[in-house]
Amino acid sequence: MKLIVIRHLAPLQGEGLCYGHTDLAVDAQANAQAAASLRASLPSFPVFSSPLQRCFSLASLLDRPVQVDARLRELNFGDWEMQPWDRIDRADIDAWAADTVYYRPGGAESLLQMTTRVSAFLRTLQAQNLEGVILITHAGVLKILSHWDAAASDVDIAQRVASRDMRFSYGSCTQLDILM
């Protein structure tokens, strides 16, 4: 299955802050410009979006039906949400760095838990027998999708994600071929 994965644009606030599940807005004009250039180049695949407005606001401008799926949300950082990174206890950040797969930053969601929900989303797509899809989502989801393998366990996928430093720019469009 072909996946065209678009990361949302930069939020209006969030610079220097820890955010994942927090519903941040993006610049409406920038979203409109991004959507205008994407519309001409995207295939006619179904569109799925994270429910967070930084994704859905772009997806809704593509002039296509959008299916919202909460499994496409970013990692939930719990008590860390909207805290400046430099104010989060260093011992907590070190604990997360020491156990990226299982540690639950801010007491909320681990990378493994997030990988499990993203894998569940992909298996739902598999059941639909689609040629391809367009996903409007977040960097964390993109990292998992980049390492996803139907034959691998969620633990293996999460370990791959944790062991590689991958970066995706705001507004980036990444094409992936996923073997189901």
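Mentor: Of the 180 residues in the protein chain, 46% are buried, where buried means under 20% relative accessible area, exposed means over 50%, and partly exposed lies in between (1.4 Å probe, protein chains only). This is a predicted model, in which local features need pLDDT of at least 70, side-chain atom pairs count only at pLDDT 80 or more, and totals for chains, interfaces and linings use all residues. Residues are numbered from 1 along each chain as its sequence is written, and side-chain values use heavy atoms, leaving out hydrogens and water.

Trainee: How many helices and strands are in the protein chain?

Mentor: The protein chain has 6 helices and 7 strands; these are DSSP runs numbered from the N terminus, helices being H or I with at least four residues and strands E with at least two. From the N terminus on, the order is β-β-α-β-α-β-β-α-α-β-α-α-β. The radius of gyration is 16 Å, close to the 16 Å that the globule rule gives for 180 residues, so the chain is as compact as a globular protein of that length. That radius is taken over C-alpha atoms, and the rule is 2.2 Å times the number of residues to the power 0.38.

Trainee: What does the C-alpha trace span along its principal axes?

Mentor: The trace spans about 45 × 40 × 25 Å. Among contacts between residues at least 6 apart in sequence, 71% join residues at least 24 apart, a contact being heavy atoms within 4.5 Å.

Trainee: Which strand is joined to β6 by 6 bridges?

Mentor: That is strand β1 (residues 2–7), which runs parallel to β6; two strands pair if DSSP finds at least two bridges between them. V5 has L135 of β6 as its bridge partner. Strand β3 (residues 47–49) also pairs with β6 in the parallel sense, over 3 bridges.

Trainee: Which residue stands opposite I136?

Mentor: S49 does, and S49 belongs to strand β3. S49 is buried, with a relative accessible area of 0%. Not counting residues up to four places away in sequence, S49 touches C55, F56, A59, V66, Q67, V68, D69, L72 and I136.

Trainee: And the helices? Which residues of α5 are buried?

Mentor: They are A139, G140, V141, L142, I144, L145 and H147. That is 7 of the 9 residues of helix α5 (residues 139–147), so this helix is largely enclosed by the rest of the structure. Its buried residues pack against β1, α4 (111–128), β6, α6 and β7 (173–177).

Trainee: One last topic. What is W96 in contact with?

Mentor: Leaving aside its neighbours within four places in sequence, W96 is in contact with L75, F77, W80, W85, Y103 and P105. W96 is placed in helix α3 (residues 90–98). W96 and S110 are 14 residues apart in sequence and 9.2 Å apart in space, C-alpha to C-alpha.
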